[in-house]
Amino acid sequence: QARSLQAMPKLVKLFNSPNQEVQRHATGAMRNLIYDNAENKLALVEENGIYELMRTLREPDDELRKNVTGILWNLSSSDNLKDRLARDTLEQLTDLVLVPLSGLGGSGVIQQNPSEAEIFYNSTGFLRNLSSASQQTRQKMRECHGLVDSMIHYVNSSLEVGKSEDKSVENAVCVLRNLSYRLYDEMPPSSLQRLEGHRRNAGGTVTGELVGCFSPQSKKAREHYLNADIVTFTEVSKDPKGMEWLWNPQIVGIYNRLLQRCELNKHTTEAASGALQNITAGDRRWAGVLSRLALEQERILNPVLDRVRTADHHQLRSLTGLIRNLSRHARNKDEMSTKVVSHLIEKLPGSVGDKAPPADVIVNIIAVLNNLVVESPMAARDIVYFDGLRKLFFIKKRRDSSDNEKSSRAAASLLGNMWQYTKLHRDFKMKGYRKEDFLSL
């Protein structure tokens, strides 16, 4: 009714009324009118409302700024407005709100009164919605001067003062996760070239140079590899700026601390593991470098496995996706096997009544086991020891839906690889399985 009586253009005109009380009520009314109402959101945008809102945001009045950032957050839940909002607001919002209130602009410490905390929370919620939009908007956000830096600074400072559960931290980490999505495909070619280096061979390893010298699992080889990765770190800045943060080795430590210290807010830990999953994904050399850094220097496996124990299905997706990437790039598959096999098998269903995680989680878990089995006899042995065969054969036989078909194929492939370990054939027979069971599809 308000819209049909032309309330939208009238309110927009009052956003910058000379009377501050009128400004507050006009923005407050608009915030209520657009809540959950797509037509009103569109009407606000069509009345040049974004431009007027950004003008109002310059007023040094917390009540007004709460309303303006609240309106922006509301608007950003409409997919069809995200690209436009990114184009028209990001630079000013970063300069006026994100940089000063994250502590990046001044003392380096976050000093927010309750109103400023709300303004910052609204703004990071707005960014969180935008960052899940198009590639074009992700690019714009990565390139916006001060945006990534203020997210990182806020998360880091909050970790230092024990505020990892904070809702704005949750928003900021979700922004970082979304901006890490498809990162290696979307980053500037010059940066990618630097990260990929000259020596591009499969999986980013240097086994070619090591043959006959020492086995890939030996201490000497591991040191050689580690040195190769450390040389690689000279290719990134010690003092990252802007989007460089997203792939800088230091970010792995920040995500690791979140996984360890954030006890209650599962959205934050899910976002941190999702961001790690994004930057360790794929065949690029840098994904391998960051995976090995996470495993060897950050010792990330234990915090991740702690999370796997209690995780709900949403968290399990990103956690098992991350472990899948790590298992692919890990140098010492035996060592990794002893840590992860029992935890992961525990999550698999073994009979019809079992509570099973979603199919993509089951596929991730089987992919981890496969990555390990291919190079580690210990992994194969542990799968037998921790009752993994029974569960894998159950999953393999279960083909009653397209999802179960996927996990069935994954299980069949893993069991086929396990049969290659002739030393285990006796154990297989003792458990009642024959060659045909392993090799049939």
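Which residues does the UniProt annotation "repeat: ARM" cover? In the unreviewed UniProt entry, this annotation is placed on residues 6-49 and 48-79; UniProt positions are given in the numbering used here, feature names are shortened, and annotations may be inferred rather than shown by experiment. The structure is a predicted model, in which local features need pLDDT of at least 70 and side-chain atom pairs count only at pLDDT 80 or more, whereas totals for chains, interfaces and linings use all residues. Residues are numbered from 1 along each chain as its sequence is written, and side-chain values use heavy atoms, with hydrogens and water left out.

The protein chain contains 26 helices and zero strands, where helices (H or I, at least four residues) and strands (E, at least two) are DSSP runs numbered from the N terminus. Along the principal axes, its C-alpha atoms fill a box of roughly 85 × 50 × 35 Å. Of its 441 residues, 55% are buried; buried denotes a relative accessible area under 20%, exposed over 50%, and partly exposed in between (1.4 Å probe, protein chains only). Among contacts (heavy atoms within 4.5 Å) between residues at least 6 apart in sequence, 74% join residues at least 24 apart.

The protein chain is divided into domain 1 (1-77), domain 2 (108-192 + 226-331) and domain 3 (338-440), with bounds that come from an automatic or database domain assignment. The C-alpha centres of domain 1 and domain 3 are separated by 57 Å.

Within the annotated repeats, the span 6-49 is 75% helix and 0% strand, and its end C-alpha atoms lie 14 Å apart. For residues 48-79, the corresponding content is 69% helix and 0% strand, with end C-alpha atoms 18 Å apart. Asp36, in the loop between H2 and H3, has a phi of about 60° and is exposed, with a relative accessible area of 69%. Asn48, in the loop between H3 and H4, has a phi near 65° and is partly exposed, at a relative accessible area of 43%.

Helix H4 (residues 49-56) is mostly covered, six of its eight residues being buried. These are Gly49, Ile50, Glu52, Leu53, Met54 and Thr56. The cover over the buried residues of H4 includes helices H1 (7-14), H2 (20-34), H3 (38-46), H5 (62-75) and H6. Thr89 is located in H6 (residues 82-102) and is buried, with a relative accessible area of 1%. Residues up to four places away in sequence being excluded, Thr89 touches Ile50, Met54, Leu72 and Phe126; of these, Ile50 and Met54 are among the buried residues of H4.

Apart from neighbours within four places in sequence, Leu276 is in contact with Val252, Tyr255, Leu259, Ile300 and Leu322. The C-alpha atoms of Leu276 and Gly321 are 9.4 Å apart, although 45 residues separate them along the chain.
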